[in-house]
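Here are my notes from an afternoon of looking things up, in the order I went. Have the structure open beside you as you read.

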Amino acid sequence: MSEITLSVVIASLNGRPYIDSCLEALTRQDQSIRAEIIIADCIGATVTDFIKANYPDVQVIAFNERKSVPALRAAGMLVAKGDIIVITEDHCIPADNWFETLVAAHRTYPELAIGGAVDNAATERLIDWAVYFCEYSNFTSPLPAGIVHDLPGPNVSYKRKALDLIRDMLRDGYWENFIHQHLEANGYPLRAEPSIIVWHKKHFTLASFVSERFHYGRWFAGTRNKFVSPAKRLFYLVFSLLLPPLILYRLYKRVQSRGSHMPMFWRSLPLIAFFTLVWALGEFVGYATGEGKSVLQLS
């Protein structure tokens, strides 16, 4: 076993205020748990100089050019030394007992990949609620515990053994949904543990999330093309035009099942519906023309 229990890998591409809030929350963790913090950043000196001055124990991997979130994660994961490798992002604020719950979960359960909840801390504006429902409604507390088929990229952890199974996919820049499908296909189930919580706190403009939603949909479809036959690709291309009502229904059922945010869901529904149309358009373009450089537009 490594002398380091946890390796916390943080993708940094949203700027200094975000990474500061994330790192400040990590200073409140149980310091008896041996942890290393690795930040992979592509913002530049405004972030890296700040980290070196205020958090000197944090390891920084700096890139001079824009990198995708998967590329940043991979850079940190591939140098991590811990027995457990934990992934989050700069716009997430871990709960004060995050380290404890992560270690307890991996000691209790055999699964190689264990994820937790992503709750919303950007609660002042309707657009931020709409973004939250679109991206993280499947991971809202109270999170059902047990074997699942989806884990959140900003709050997922892996036993070291998992790295041998996903190393090539990390290097090739795959997002977590395809990595997790790969683990499942090879007989390694995914586990959700509701005690492991981070708080998503990121603020969007309408234009910024429309762009992100389109490019995420295009990237997803373009990447999926690599795994399906031409006939299946054509099916997905046509079916993408019918996605909006299906996505809205799934979002509604998820939020309803958690029982805590329905009033905000109804208030933000017009924005959610618009973002759903944008996602469907992105998927259509992705199936038709490929992923392009959409992955670089996501943060």
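I began with helix 10, where L243, P244, I247, L251, V255 and R258 are buried. I wondered why they sit on the same side of helix 10: they cover an arc of only 95° around the axis. A reminder to myself that this is a predicted model.

**Helix 10, other side.** Turning to the other side, I found P245, Y249 and S257 exposed.

**Helix 10, length.** I then checked the span of helix 10, which has 16 residues, 243–258. From first C-alpha to last, helix 10 reaches 23 Å, close to the 22 Å expected at 1.5 Å a residue.

**Surface patch.** Next I looked for nonpolar side chains on the surface. F235, F239, L241 and L242 form such a patch, and together they have about 410 Å² of accessible area. I followed up F239, which lies in helix 9, residues 230–239. F239 counts as partly exposed because its relative accessibility is 30%.

**Cysteines.** How many disulfides does a search of the whole structure find? The search came back with zero. I looked at C92 first, which is in no disulfide: the nearest cysteine sulfur belongs to C22 and is 7.3 Å away. C134 is in no disulfide either, and its nearest cysteine sulfur, that of C92, is 16 Å away. With 10% relative accessibility, C134 counts as buried.

How values were computed
Residues numbered from 1 in each chain as written. Predicted model: local features only at pLDDT ≥ 70, side-chain atom pairs only at ≥ 80, totals over all residues. Heavy atoms only, no water. Patch = residues over 30% accessible without salt bridge, like charges linked within 9 Å, V, L, I, M, F, W, Y side chains within 5 Å. Areas by Shrake-Rupley, 256 points an atom, 1.4 Å probe, with all protein chains shown as cover. Salt bridge = Lys/Arg side-chain N within 4 Å of Asp/Glu carboxyl O. Helix = DSSP H or I, 4+ residues; strand = E, 2+ residues; numbered from the N terminus. Buried < 20%, exposed > 50% of the residue type's maximum accessible area, 1.4 Å probe, protein only. Disulfide = S-S within 2.5 Å. Expected span 1.5 Å × (residues − 1). Arc of directions from axis to C-beta.
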